[in-house]
Amino acid sequence: KHIVSGSVDKTIKVWNLDTGKEERSLEGHTESVLAVAVIPDGKHIVSGSDDRTIKVWSLDTGKEERSLEGHTSFVSAVAVTPDGKHIVSGSVDNTMKLWNLDTWKEERSLEGHTESVLAVAVTPDGKH
């Protein structure tokens, strides 16, 4: 059992829920980490940052596995689909993006907000 947090100090920290102790500090973002999520496989973390990137990390090793770029401003929100195949990101650039975790590519950009997207969520069935 773990808790994952992101901070203005540009790190992601992994905490042991039972002991309350920090187990790992992940470094790689160049600006504040605004959003974190855990992929349903329980082995990977997703983060979004002021540096305009989304990063995927190994929970076991703490190593950065991928860095996804496409937003033109801060990435303020991230979520993962229940099947673990896609990341949804929201940004201060007023868009949401859908990222494929098999290809590591942006599948679509969703536009319609007239201001920053600060939160995103995916329905539990992944369909609605």
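**Salt bridges and burial, talked through**

Modeller: At 7% relative accessibility, Lys 97 counts as buried. Keep in mind that this is a predicted model.

Biologist: Why is Lys 97 called buried?

Modeller: The label needs a relative accessible area under 20%. Lys 97 comes in at 7%, so buried it is.

Biologist: And what makes Lys 97 and Glu 106 a salt bridge?

Modeller: The cut-off is 4 Å between a side-chain nitrogen of Lys or Arg and a carboxyl oxygen of Asp or Glu. For Lys 97 and Glu 106 the N to O figure is 3.4 Å, so the pair qualifies.

Biologist: Why do such pairs turn up at all?

Modeller: Side chains of opposite charge can pair when their charged atoms come close.

Biologist: How many salt bridges does a search of the whole structure find?

Modeller: That search gives 3. Lys 55 pairs with Glu 64, with the closest N and O atoms 3.3 Å apart, and Lys 13 pairs with Glu 22 at 3.5 Å.

Biologist: How do you know whether Lys 13 is buried or exposed?

Modeller: Its relative accessibility is 18%, and buried means under 20%, so Lys 13 counts as buried.

Key: Residues numbered from 1 in each chain as written. Predicted model: local features only at pLDDT ≥ 70, side-chain atom pairs only at ≥ 80, totals over all residues. Heavy atoms only, no water. Buried < 20%, exposed > 50% of the residue type's maximum accessible area, 1.4 Å probe, protein only.
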